[in-house]
Amino acid sequence: MLTLLKAHIGTIAVLLILVLIVALIIKNIIKDKKAGKGSCGGDCSHCQAGCMHKN
């Protein structure tokens with residue numbers, strides 16, 4: 001088992017970094033959603049989602 005980990009340490013490190021980045025992105029999206037920020041920036045004239053949020 002230890003030799004398997006040593007053989008793939010680079011792959012494991014890259015995977016952990018990617019998981020961390022994705023987790024931070026998701027955390028930021030959740031924080032923005034709780035703060036009421038929309039994905040289109042609140043400018044309904046340019047919103048392609050039908051401006052689902054109300055100001």
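Accessible areas here come from the Shrake-Rupley method with a 1.4 Å probe. By that method the protein, a predicted model, exposes about 5,200 Å², and carbon and sulfur atoms supply 69% of that area. Of its 55 residues, 4% are buried. The secondary structure consists of two helices and zero strands.

Helix α2 covers residues 9-34. From its first C-alpha to its last, this helix of 26 residues reaches 37 Å, which is close to the 38 Å expected at 1.5 Å a residue. Just after α2 comes Gly 36, where phi is positive, at about 85°.

The surface also carries a nonpolar patch, formed by Val 14, Ile 17, Leu 18, Ile 21, Ile 25 and Ile 29. Together these residues have about 560 Å² of accessible area. One of them, Ile 25, is found in α2.

Why does Ile 25 count as partly exposed? The relative accessible area of Ile 25 is 46%. Buried means under 20% and exposed means over 50%, with partly exposed in between, so Ile 25 at 46% is partly exposed. A patch residue needs over 30% relative accessible area, and Ile 25 has 46%.

Terms used. Residues numbered from 1 in each chain as written. Predicted model: local features only at pLDDT ≥ 70, side-chain atom pairs only at ≥ 80, totals over all residues. Heavy atoms only, no water. Patch = residues over 30% accessible without salt bridge, like charges linked within 9 Å, V, L, I, M, F, W, Y side chains within 5 Å. Salt bridge = Lys/Arg side-chain N within 4 Å of Asp/Glu carboxyl O. Helix = DSSP H or I, 4+ residues; strand = E, 2+ residues; numbered from the N terminus. Buried < 20%, exposed > 50% of the residue type's maximum accessible area, 1.4 Å probe, protein only. Expected span 1.5 Å × (residues − 1).
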